[in-house]
Amino acid sequence: MNVPELVTNGRRYVTDEAKAEVLMDTFFPTPPLPEGRDPDRVVRSRAGHDIGWLPLTKNEVESAISKSNPDKAPGPDDISFRVWRELWPVVGDHVLWLYNTSLELQHTPRQWKTARIVTLRKPGKADYTIPKAFRPISLLPTISKGLEAAVAARLSFITETYSLLPSDHFGARPRRSAEEALNVLVEKVYQAWRQGKVLSLVSFDVKGAFDDVHSDVLERRLAARQVPSLAVRWIRNFYDSR
């Protein structure tokens, strides 16, 4: 899409290169350095020992690819998930080997981390010369998204199996809807009222939390929750230098 002339702090950005630079600075600011290294509350697993990480199976990878939208916009390589679905009987073993090798080495190829950034206008904004009136869509190569989906599914299974998150954590967990979270909140309110208490509620609207997290903090949080060390190191590498 055509991005109009942008203005920030009284400075005008006219060329495509200048507009791209100011949009990237707006969308992906440098995360602040973490202050201190306060220990995290460690959630012990039910197993009582370190959680292992076995190699991904062919079924796991095929499931991750088949569940992805076949017509989702591709990344810089212009290969959609529909292509991987059609080629899977031929290339499945090779893709599985690539994925497990990436995890074993805790390394993601640079090409897999190079995204195509599509800039979209936020609807209803009065002034589109302001960079924050736009939002980015980050399109990674689908071969990278397939591995990301397989790792995410494995982490979800580990999290639920070993209770690595508090029971009142609802975000990004299977079978935990926003409606269920509201029902729990309402019940807490009624419970407090029945006990004659006055209840206060504080809510936060956190913007850009995922884009702005510091990789050191992310690594410490994952390790504190007993995510397998191999997965932690791979996630750190996948996140860095995006």
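V186 counts as partly exposed because its relative accessibility is 41%, a class that runs between buried, under 20% relative accessible area, and exposed, over 50%, with a 1.4 Å probe and protein chains only. The model is predicted, so local features need pLDDT of at least 70 and side-chain atom pairs count only at pLDDT 80 or more, whereas totals for chains, interfaces and linings use all residues. Residues are numbered from 1 along each chain as its sequence is written, and side-chain values use heavy atoms, with hydrogens and water left out.

V186 belongs to helix α5, residues 178–194, where helices are DSSP runs of H or I with at least four residues, numbered from the N terminus. The 17 residues of α5 reach 24 Å from the first C-alpha to the last, close to the 24 Å expected at 1.5 Å a residue, the expected span being 1.5 Å times one less than the number of residues. Just after α5, G196 takes a positive phi of about 70 degrees.

Together with Y190, W193 and L199, V186 forms a nonpolar surface patch with about 410 Å² of accessible area. Such a patch joins nonpolar side chains (Val, Leu, Ile, Met, Phe, Trp, Tyr) within 5 Å, and like charges within 9 Å, among residues with over 30% relative accessible area and no salt bridge; areas come from the Shrake-Rupley method with a 1.4 Å probe, and for residues only the protein chains shown count as cover.

## Aromatic pairs

The model has five aromatic pairs, counted where ring centres of Phe, Tyr and Trp (its six-membered ring) lie within 6.5 Å, with planes under 30 degrees apart called stacked, over 60 edge-to-face and the rest tilted. Y190 and W193 form an edge-to-face pair, 5.7 Å centre to centre with 80 degrees between the planes. Both lie in α5, three residues apart, or about one turn of the helix; Y190 is partly exposed at 42% relative accessible area, and W193 is exposed at 52%.

W234 and F238 have ring centres 5.0 Å apart and planes at 15 degrees, so this pair is stacked. These two residues are four apart in helix α8, residues 229–239, and both are buried. An α-helix has 3.6 residues a turn, so residues three or four places apart point the same way.

## Arginine over rings and in salt bridges

A charge sits over a ring if NZ of Lys or CZ of Arg is within 6 Å of the ring centre and within 35 degrees of the ring normal. R121 lies over the face of Y128, at 4.8 Å from the ring centre, and the charged end of R154 sits over the ring of W53, 4.8 Å from its centre.

R154 also forms a salt bridge with E60, with the closest N and O atoms 2.7 Å apart, the rule being a side-chain nitrogen of Lys or Arg within 4 Å of a carboxyl oxygen of Asp or Glu. This pair links distant parts of the chain, R154 in helix α4 (residues 142–161) and E60 in helix α2 (residues 58–67), 94 residues apart. R154 is buried at 10% relative accessible area, while E60 is partly exposed at 25%. The count comes to twelve salt bridges, including that of E187 with R194 at 2.8 Å between the closest N and O atoms.

R236 and D216 form a salt bridge whose closest N and O atoms are 3.0 Å apart. This pair links distant parts of the chain, R236 in α8 and D216 in helix α7 (residues 215–224), 20 residues apart. Salt bridges that share partners join D216, E219, R236 and D240 into one network.
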